Amino acid sequence: MLPASLWSETNRVGVVRDSMSINPLIMKTELGKPKRNGNLIPGPNYVYGTYNRIFDGGVPAAIGHWRSVQPKAQAKMQKLKRNFAALNKAAIKAGLVTAREIYQFRATHDIGTSANKAEKKEGMLPEITHGMPHRPSTPMFDLLEHKFQHQWIEEQKIIDEMKKRKKTHQAHFVKNYQTRAAFLSKAVPHVDPPPIVHPLCYQKIGPHLDTFRSAEARHAAFRANWLDSAARSGPNGEGVYALN
């Protein structure tokens, strides 16, 4: 590591001690560089990493022959699991029924599962295939023969036949005819509105005078009036003569 006077931000006045380049609290930061942590770096001859002291012959030995590592024959010790069901059964046969007695029996006795039995992983089902099954191949021969169309038609025929059978087996209810008493109880009689009361002063009164000598003279006068109304003005043809 270079001395602090060569890389510090501002040169220090006085004696520069080695602790000034180790203590991060009094170290000066360089311009445009991160702050140093004060750790000393070994010399240029230092080799980083671990040294492999095994000599395998290098490249010539690798080209010349193939070296294989033989696995060490070690007895694989399998830790047997405790069979609590067998322990409880043995404790009951020994006459122990309380929880404290069974706990002491388990502490002094040990019954493990058989080593020949294959240990099943928790949550794994036997004879199960993981993954997604592939899609079956398209039956081209059935497509060319229109097999699916014929199958659909046959299914529709079966459905229609089942509907017909269901319809024939349905119960037919007889129409409930109403009796005369039931009809009269529901019928509403027609009631005429009350007549309009006319005052006597507005009732039609016959003429008191008849100036025509006879009925034929009266009809002849009305006929002449009707013929003459074509030349008169007014809605009923009874006004003055229309000259225009």
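Guide: Helices here are DSSP runs of H or I with at least four residues, and they are numbered from the N terminus. This is a predicted model. Read from the N terminus, its elements run α-α-α-α-α-α-α-α. That is eight helices and zero strands. The chain has 244 residues, and 7% of them count as buried.

Now the bridges. Side chains of opposite charge can pair when their charged atoms come close. The cut-off used here is 4 Å, from a side-chain nitrogen of Lys or Arg to a carboxyl oxygen of Asp or Glu. By that rule the count is three salt bridges.

Start with arginine 82 and aspartate 110. Their side chains meet at 3.3 Å, N to O. This pair links distant parts of the chain, 28 residues apart. Arginine 82 lies in the loop between helix 2 and helix 3, while aspartate 110 lies in the loop between helix 4 and helix 5 (140–144). Arginine 82 counts as partly exposed because its relative accessibility is 34%. Aspartate 110 reaches 60%, so it counts as exposed.

Two helices deserve a look here. Helix 3 covers residues 84–93 and helix 4 covers residues 99–108. They pack at an angle of about 120°, with axes 10 Å apart. Helix 3 is therefore oblique to helix 4. Their crossing is right-handed.

Next comes glutamate 161 with arginine 165. The closest N and O atoms of this salt bridge are 3.8 Å apart. Both residues sit in helix 6 (residues 147–168). They are four residues apart, so about one helical turn separates them. Arginine 165 is exposed, because its relative accessible area is 52%. Glutamate 161 has 38% relative accessibility, so it counts as partly exposed.

The remaining bridge joins aspartate 228 to arginine 232. Here the closest N and O atoms are 2.8 Å apart. Aspartate 228 has a relative accessible area of 25%, so it is partly exposed. Arginine 232 is at 26% and therefore counts as partly exposed too.

Finally, turn to a nonpolar part of the surface. Ile41, Tyr46 and Tyr48 form a patch there, with about 400 Å² of accessible area together. Isoleucine 41 belongs to the loop between helix 1 (4–7) and helix 2 (58–64). Isoleucine 41 counts as exposed because its relative accessibility is 57%.

Key. Residues numbered from 1 in each chain as written. Predicted model: local features only at pLDDT ≥ 70, side-chain atom pairs only at ≥ 80, totals over all residues. Heavy atoms only, no water. Patch = residues over 30% accessible without salt bridge, like charges linked within 9 Å, V, L, I, M, F, W, Y side chains within 5 Å. Areas by Shrake-Rupley, 256 points an atom, 1.4 Å probe, with all protein chains shown as cover. Buried < 20%, exposed > 50% of the residue type's maximum accessible area, 1.4 Å probe, protein only. Axes fitted to C-alpha atoms, helices over the stretch in contact; angles between N-to-C directions. Parallel < 35°, antiparallel > 145°, perpendicular 65-115°, else oblique. Left-handed = near helix turned anticlockwise from the far one by under 90°.
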